[in-house]
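Hello,

Please find the structure below. My notes on its pocket and its nonpolar cores follow.

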Amino acid sequence: MAQYKESLGDILFRYLNMIILGLLSLLMLMPFAKVLATSFSGPNPVDAGEVYFWPVQFTLESWSYVLKQAPLWNSFLLTLFATVVGTCICLLVTALMAYPLAKGEFKLAKIIMVMVVITMIFRYPIIPYFLALRSYGLYNSIWVLIIPHTISAFNLIIIRTFFKGMPKELEEAAQIEGCGYFRLLFRIVLPSSKAVLATLGIFYAVGIWNQFMTPLMFIEDQALYPLQLKLREYIIFTDMIAEGPKVVLPYNNTTLQATTVIFATIPILLVYPFLQKHFVKGAMLGSVK
């Protein structure tokens with residue numbers, strides 16, 4: 001078989017794509033790099049606008065101050081619990097709903113899928129949503145960070161499409177050996193769906209970690225504040241520091257705000273390297289039939 005020889009146009013196109021994507025990646029990283037540099041810089045160069053992408057007058061004082069705040073760590077642990085437990089619950093419930101919807105013998109599948117798509121088009125009214133969740137006992141509860149987000153219509157469609165694309169012969173062979181639907185799902189289907197599960201896991205985890213409006217509406221007890229609400233509280237608090245008596249400190253409101261933002265961002269970013277190899281594959285497999 002003759003080996004394909006890449007043409008000059010293909011080579012130019014490939015390198016041009018690499019350059020453009022590389023430049024776009026750098027542009028996306030620039031704001032994060034500036035905030036990171038600000039968190040490690042002294043207050044004077046920050047106020048003077050001298051900090052760009054590298055710390056000036058390097059100091060750990062802002063980090064030392066932020067990491068000593070016990071309420072911040074409490075919010076971090078609450079958010080970590082909600083993210084880990086919530087992601088597991090969301091994946092389990094989404095898979096349990098998507099699997100029968102992917103089966104042709106389930107007569108109500110089309111009707112239910114139409115109802116799912118309708119929820120993507122028409123948003124719920126805020127006041128009935130608030131009253132409904134409060135009536136379920138979710139007001140001032142850590143579970144309000146998890147239960148309302150158990151199933152995402154978009155994620156349900158992705159994993160349903162993935163299940164529909166699995167070889168029927170594999171399932172038929174398992175059923176001949178005596179596998180029921182639940183055993184078939186947990187022993188064969190889900191272990192073969194690691195790519196799409198990793199992709200949806202990232203979607204769910206990022207959504208739960210970064211949620212702001214739901215806890216803002218339903219959580220009044222400051223001891224139950226998730227990380228994003230606590231981050232807002234610390235940003236307001238550091239603004240109050242700036243408006244108070246002028247005291248010489250090794251940090252200011254800008255460096256403290258930058259530090260709290262990085263503190264809230266880094267943990268969820270650390271998940272990506274471990275799931276990166278599954279992410280693109282899972283998104284592509286679940287997006288087309």
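**Largest pocket**

With five residues, α5 gives the most to the lining of the largest pocket. Helices here are DSSP runs (H or I, at least four residues), numbered from the N terminus. This is a predicted model, in which local features need pLDDT of at least 70 and side-chain atom pairs count only at pLDDT 80 or more, while totals for chains, interfaces and linings use all residues. Residues are numbered from 1 along each chain as its sequence is written, and side-chain values use heavy atoms, with hydrogens and water left out.

The largest pocket holds about 890 Å³ of space. A pocket is an open set of points on a 1 Å grid over the protein atoms alone, where a 1.4 Å probe fits, with protein on both sides within 12 Å along at least five of seven lines; lining residues have an atom within 4 Å of a point. The volume is the space filled by probe spheres set on the points. Of the 26 lining residues, Arg-123, Tyr-124, Pro-148, Ile-151 and Ser-152 are the closest to the centre. The lining divides into 18 nonpolar, seven polar and one charged residue; Pro counts as nonpolar and Gly as polar.

**Nonpolar cores**

The largest nonpolar core has 43 residues. Such a core joins buried Ala, Val, Leu, Ile, Met, Phe, Trp, Tyr and Cys residues through side-chain atoms within 4.5 Å, buried being under 20% relative accessible area with a 1.4 Å probe, protein chains only. Its largest share, eight residues, comes from α4. A second, separate core of 16 residues includes Phe-40 and Trp-63.

Regards

How values were computed:
Helix = DSSP H or I, 4+ residues; strand = E, 2+ residues; numbered from the N terminus. Buried < 20%, exposed > 50% of the residue type's maximum accessible area, 1.4 Å probe, protein only.
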